[in-house]
Amino acid sequence: MNFLAQIGSVVLALIAEVGRVSLFAKDAILRMVMPPFYGRQLLAQMMRIGYYSLPVVGLTAFFTGGVLALQIFIGGSRFNAENLVSSIVALGITRELGPVLAGLMVAGRVSAAIAAELGTMRVTEQIDALVTLSTNPFKYLVAPRILAAVITMPLLVVVADTIGIMGGFIVGTESLGFNSGAYLKNTVDFLQLADITSGLIKSAVFGFIIALMGCYHGFNSRGGAQGVGRATTNAVVSASILILTTNYLMTSLLFSG
Amino acid sequence: MTRPHIELKNVQKSFGPKHVLNGLDLSVMRGRSMVVIGGSGTGKSVMLKCILGLLRPESGSIYIDGDDVTGMKGRRRDEVLQHFGMLFQGGALFDSLPVWANVAFGLMQGKSMKRDAAREIAIDKLAQVGLGPDVGELYPAELSGGMQKRVGLARAIADNPDIIFFDEPTTGLDPIMADVINNLIVDCVKRLGATTISITHDMASARKIADDIAMIYKGKIIWQGSADEIDDSGNDYVEQFINGRADGPIEMEILKP
Ligand SMILES: Nc1ncnc2c1ncn2[C@@H]1O[C@H](COP(=O)(O)OP(=O)(O)O)[C@@H](O)[C@H]1O
Ligand SMILES: [Mg+2]
């Protein structure tokens with residue numbers, strides 16, 4: 001086939017997909033704000049998405065904080081800037097690494113789980129069955145998942161920030177020889193509220209992306225086990241890419257002023 | 001009055017280049033049991049999904065009680081769907097919920113009934129299909145095929161619908177269980193006085209539950225008559241189908257060597 005035609009068709013397919021995702025998101029948001037509300041579903045999803053992600057997010061944050069301290073110490077020693085460790089760890093974790101790494105880890109866990117679950121429900125006609133039982137699948141399945149992710153992601157990131165800074169602190173005081181009081185004082189003095197809130201705003205957006213991608217790909221999966229597998233992969237990949245790109249955009253917006 | 005309860009006029013539905021329904025006409029009078037027979041992949045399930053609004057036909061009209069429901073959306077569609085019950089081909093039971101909650105689902109979510117009241121109705125409906133209250137506590141994956149069909153049947157009738165669809169209720173069951181299901185369908189329908197469309201390619205089942213029979217071939221109804229006329233339909237396609245012969249006007253899409 002003609003090379004240009006091929007590029008053209010890929011671009012068109014991409015634009016069509018963006019349009020479909022936007023319509024899906026619009027429907028989901030509309031359904032989120034209109035009654036009835038499925039409180040029981042929301043609580044269950046908050047447990048699944050938030051609470052059960054705690055171990056993986058905590059572990060990621062701890063080791064990231066630790067390794068950050070180590071690297072800054074080694075790198076900083078080249079120009080006598082070792083004492084910046086505590087402040088750079090705090091900044092890096094709260095502004096970027098906390099929300100982004102938590103987002104990516106939760107994307108791997110939750111987008112995949114949502115896509116697999118809704119995909120299976122789609123191919124086994126359970127979503128059709130919901131409709132025949134006078135229950136809107138957007139309200140019952142999509143809205144609680146998105147809402148739960150938007151609520152719990154910032155909470156997870158608060159935990160990730162704390163554990164990440166603690167990881168840096170432990171490495172800093174135990175193996176790099178910092179004085180623990182001075183390390184903590186540096187951290188607290190240097191951090192500004194905006195560092196933390198910007199990360200939390202980002203994480204709420206990431207939560208939205210994570211659940212939206214899981215739901216969208218699950219809802220639109222076709223054709224049995226293979227289709228569900230494809231939906232799961234697509235959900236994780238697209239959620240991760242969207243997290244990284246919106247993160248860049250949001251950083252440039254949030255810190256432009 | 002002679003207005004049909006369900007009427008399809010010249011309904012067309014394609015998936016991409018593939019025409020599944022090709023100008024399908026069907027009418028079912030109130031309180032009658034219509035059985036639609038036809039080979040696999042001829043569009044029987046698609047026809048039911050068009051009536052339910054799960055799929056949207058490209059052209060043609062569908063009337064329920066004289067009201068045009070084609071392309072109806074939102075709250076009005078929900079109101080129409082309150083009158084329907086559907087037994088899906090694969091059961092489509094919600095595998096995350098115990099059996100009783102499956103049966104009570106439409107009452108709890110669709111009609112906002114209290115859990116305890118809905119549970120009592122569910123246990124009663126389970127008893128009507130010959131399942132004890134202990135089965136209510138199990139999960140769908142723990143049930144045999146025949147039990148799953150019975151739970152699906154209990155769920156379809158839980159809200160006392162006026163219209164019930166049965167999509168291949170006996171496929172994949174042993175002949176005795178198939179007959180049990182047939183009897184349950186006949187009983188339930190009599191008790192509710194509902195209008196039903198059942199899909200099957202099991203002639204024993206068709207003879208047992210049908211008042212009227214229609215045969216679908218290549219997306220059209222090619223013969224329709226009352227159940228006792230089926231044996232002398234004078235239609236070659238019907239003859240071939242009910243006698244299960246490989247030779248005849250119906251050509252299977254198999255590549256001849
Ligand atoms: N959602 C869909 N997307 C694409 N093709 C479909 C879809 N649903 C059904 N079909 C196709 O329509 C045809 C009729 O399907 P169906 O109504 O399920 O057959 P049956 O008469 O066995 O119930 C099949 O060839 C099937 O591949
Ligand atoms: Mg079918």
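## Chain B: contacts and fold

In chain B, 66% of the contacts (heavy atoms within 4.5 Å) with a separation of 6 or more are between residues 24 or more positions apart. The model is predicted: local features need pLDDT of at least 70, side-chain atom pairs count only at pLDDT 80 or more, and totals for chains, interfaces and linings use all residues. Residues are numbered from 1 along each chain as its sequence is written, chains are lettered from A and ligands numbered from 1 in the order in which they are written, and side-chain values use heavy atoms, with hydrogens and water left out.

Chain B holds 8 helices and 10 strands, taken as DSSP runs numbered from the N terminus (helices: H or I, at least four residues; strands: E, at least two). Its radius of gyration, taken over C-alpha atoms, is 18 Å, close to the 18 Å from the globule rule for 257 residues, so chain B is as compact as a globular protein of that length. That rule is 2.2 Å times the number of residues to the power 0.38. The C-alpha trace of chain B spans about 55 × 40 × 40 Å along its principal axes.

## Chain B: surface and charge

Of the 257 residues in chain B, 52% are buried, meaning under 20% relative accessible area with a 1.4 Å probe and protein chains only; exposed is over 50%, and partly exposed is in between.

Chain B carries 29 positive and 34 negative side chains, with the centres of the two sets 6 Å apart. Lys and Arg count as positive, Asp and Glu as negative, while His and the chain ends are not counted.

## Magnesium site

Ser45(B) (OG) and Gln89(B) (OE1) coordinate the magnesium ion (ligand 2) at 2.0 to 2.3 Å. Donors are N, O and S atoms within 2.8 Å of the metal (3.2 Å for Na, K and Ca); water is not among the atoms, so sites may look incomplete.

Ser45(B) lies in helix H1 (residues 44-52) of chain B, and Gln89(B) in the loop between strand S6 (84-87) and helix H3 (99-110), 44 residues apart. Gln89(B) is partly exposed, at 33% relative accessibility.

## Chain A

Chain A has 9 helices and 0 strands. Its C-alpha trace spans about 65 × 55 × 35 Å along the principal axes. Residues 24 or more positions apart make 85% of its contacts with a separation of 6 or more.

Buried residues are 45% of the 257 in chain A. Chain A exposes about 12400 Å², 72% of it from carbon and sulfur atoms. The mean positions of its 15 positive and 11 negative charges are 9 Å apart.

Terms used:
Accessible areas come from the Shrake-Rupley method with a 1.4 Å probe; for residues, only the protein chains shown count as cover. The place of a charge is taken as NZ of Lys, CZ of Arg, CG of Asp or CD of Glu.
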